[in-house]
Amino acid sequence: MRNAIGLACAVAAIALVGVDGHSGLAQEQTKMKLAPPQVFQPPFPYSLGIVAQGKRIVYVAGQVALNEKGELVGKDDPEAQARQVFTNMKAVLAAAGAKMDDVVKITMIIKNGADFPKIGGVRKDFFKEPYPASTAFIASLLNPDWLVEVEAVAVVE
């Protein structure tokens, strides 16, 4: 069994090393950012991939810009809505004993693609390197006043 685990780790390490000898990994505690030089890294606050190790996984359902009273925050204001969304996410994570630094993956649904830079700017206030891996979709949301919804996966030590 020990040999099988060692072999699996060796294969994983070899798979992460590019043909030019660069590993493409940047390590910070229990999260490793995947940044292979063969893949373009856009200038957005997200990682191409994350390798995470921990004891628990926390799944955060899609959060929207509703405050604790169920009132919409920031009608027609993507930055205000994004701030409320990430504030809600932070509270859900805290209820699980997790923090924003534990988030390894987010999925964003944005109503208007033109709002992406504004929402991304707010995202930088809540996450730091290594940023979570991220996917964004342009789609309509259940409520026409909602401009953004974000779900997350966190790995907690």
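Me: Which residue caps the N-terminal end of helix 2?

Reply: This is a predicted model, where local features need pLDDT of at least 70, side-chain atom pairs count only at pLDDT 80 or more, and totals for chains, interfaces and linings use all residues. Residues are numbered from 1 along each chain as its sequence is written, and side-chain values use heavy atoms, with hydrogens and water left out. Helices are DSSP runs (H or I, at least four residues) and strands likewise (E, at least two), numbered from the N terminus. A side-chain oxygen lies 3.1 Å from the backbone nitrogen of Glu79, and the residue that supplies this oxygen to cap helix 2 is Asp77.

Me: How many Å does helix 2 reach from its first C-alpha to its last?

Reply: Helix 2 has 18 residues. The expected span is 1.5 Å times one less than the number of residues. That gives 26 Å expected, and the helix comes close to it, reaching 26 Å.

Me: What covers the buried residues of helix 2?

Reply: Buried means under 20% relative accessible area, exposed over 50%, and partly exposed in between (1.4 Å probe, protein chains only). Among the buried residues of helix 2 are Gln81, Val85, Phe86 and Met89. Contact means heavy atoms within 4.5 Å. The cover includes strand 4, strand 5, helix 3 and strand 7.

Me: Which residues touch the most other members of the largest nonpolar core?

Reply: A nonpolar core is a set of buried Ala, Val, Leu, Ile, Met, Phe, Trp, Tyr and Cys residues joined through side-chain atoms within 4.5 Å. The largest one has 24 residues. Those that touch the most other members are Phe86, Met89, Leu93, Phe127 and Val150.

Me: Is the pair of Phe44 and Tyr46 stacked or edge-to-face?

Reply: Rings of Phe, Tyr and Trp (its six-membered ring) pair if their centres lie within 6.5 Å; planes under 30 degrees apart count as stacked, over 60 as edge-to-face and the rest as tilted. The count by this rule is four aromatic pairs. The centres of Phe44 and Tyr46 are 6.4 Å apart and their planes lie at 20°, so the pair is stacked.

Me: Why does the pair of Phe86 and Phe126 tie together parts that are apart in sequence, and by how many residues?

Reply: The ring centres are 5.5 Å apart and the planes at 35°, so Phe86 and Phe126 are tilted. Phe86 lies in helix 2 (residues 78–95) and Phe126 in helix 3 (residues 116–126), so the parts tied together are apart in sequence by 40 residues.

Notes: A polar contact is a pair of N or O atoms within 3.5 Å; within protein, one must be able to donate a hydrogen and the other to accept it, and residues adjacent in sequence count only if both atoms are side-chain atoms.
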